[in-house]
Amino acid sequence: VVSTQSTGSSGINAEYGNPALVEDFKAKYAAVTIPRPEDTESAAIGAAEASFKTEMAEYLTGAEARIAQFEATLAALHAEKPMEDMTVSEYLADKPELELGSRLILNQGLCRLQLQ
């Protein structure tokens with residue numbers, strides 16, 4: 001019967017009845033060495049992690065700037081007059097890049113709308 005309480009090495013020798021066997025086992029156990037491979041990757045992994053953290057910090061800064069820009073654009077769109085209340089001329093007044101194309105279409109008779 002093996003006791004679950006720690007009795008020290010003299011107690012183990014007495015419990016198992018053969019002190020030479022216990023000492024032989026202890027000596028062999030102490031002599032066992034498990035070879036561990038040399039750590040050659042931790043430095044590279046640490047450098048990659050630091051680089052990644054730097055990249056993500058830059059990305060987040062850029063993302064916050066883009067979010068602020070989108071929010072400003074959205075606020076400007078909400079501040080515009082509702083489309084239902086706008087004339088074509090009022091719409092095109094805020095969008096000069098569309099006005100030239102619209103005038104060409106109207107001048108060619110492809111549309112029946114008239115600008116005011």
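## Briefing: a helical protein model

Phe-25 and Tyr-29 both lie in helix H2, 4 residues apart, about one turn of the helix. Helices here are DSSP runs of H or I with at least four residues, strands are runs of E with at least two, and numbering starts at the N terminus. The model is predicted: local features need pLDDT of at least 70, side-chain atom pairs count only at pLDDT 80 or more, and totals for chains, interfaces and linings use all residues. Residues are numbered from 1 along each chain as its sequence is written, and side-chain values use heavy atoms, with hydrogens and water left out.

**Overall build**

- The protein contains 5 helices and 0 strands.
- Along the sequence, the pattern reads α-α-α-α-α.
- Of the 116 residues in the protein, 7% are buried. Buried means under 20% relative accessible area, exposed means over 50%, and partly exposed lies in between (1.4 Å probe, protein chains only).
- Among contacts with a separation of 6 or more, 17% join residues 24 or more positions apart. A contact means heavy atoms within 4.5 Å.
- The protein exposes about 10100 Å², and carbon and sulfur atoms supply 60% of this area. Areas come from the Shrake-Rupley method with a 1.4 Å probe; for residues, only the protein chains shown count as cover.

**Confidence**

- The average pLDDT of the protein is 80, and 71% of the residues score at least 70. The pLDDT is the predictor's confidence in each residue, from 0 to 100.
- Helix H1 (residues 8–16) has the lowest mean pLDDT among the elements, at 61. Helix H3 has the highest, at 96.

- A search of the whole structure turns up 1 aromatic pair. Phe-25 and Tyr-29 form this pair, which is stacked, with 6.2 Å centre to centre and 20 degrees between the planes. Rings of Phe, Tyr and Trp (its six-membered ring) pair if their centres lie within 6.5 Å; planes under 30 degrees apart are stacked, over 60 edge-to-face, and the rest tilted.
- Phe-25 and Tyr-29 are both exposed.
- Asp-24 and Lys-28 also lie in helix H2 (residues 19–31), 4 residues apart, about one turn of the helix. Their side chains meet in a salt bridge, 3.3 Å from N to O.
- Asp-24 is partly exposed, because its relative accessibility is 36%. Lys-28 counts as exposed, because its value is 52%.

- Glu-49 and Lys-53 sit in helix H3 (residues 42–79), 4 residues apart, about one turn of the helix. They form a salt bridge, with the closest N and O atoms 3.5 Å apart.
- Glu-49 is partly exposed at 44% relative accessibility. Lys-53 is exposed, with a relative accessible area of 52%.
- Phe-52, Met-56, Tyr-59 and Leu-60 make up a nonpolar patch on the surface, and together they have about 420 Å² of accessible area. Patches take residues with over 30% relative accessible area and no salt bridge, joining like charges within 9 Å and nonpolar side chains (Val, Leu, Ile, Met, Phe, Trp, Tyr) within 5 Å.
- Tyr-59 lies in helix H3. Tyr-59 counts as partly exposed, because its relative accessibility is 48%.

**Salt bridges: the count and one further pair**

- The count comes to 3 salt bridges. The rule asks for a side-chain nitrogen of Lys or Arg within 4 Å of a carboxyl oxygen of Asp or Glu.
- Lys-81 and Glu-90 form one of them, and their closest N and O atoms are 3.2 Å apart.
- Lys-81 is partly exposed, with a relative accessible area of 40%. Glu-90 is partly exposed too, at 34% relative accessibility.
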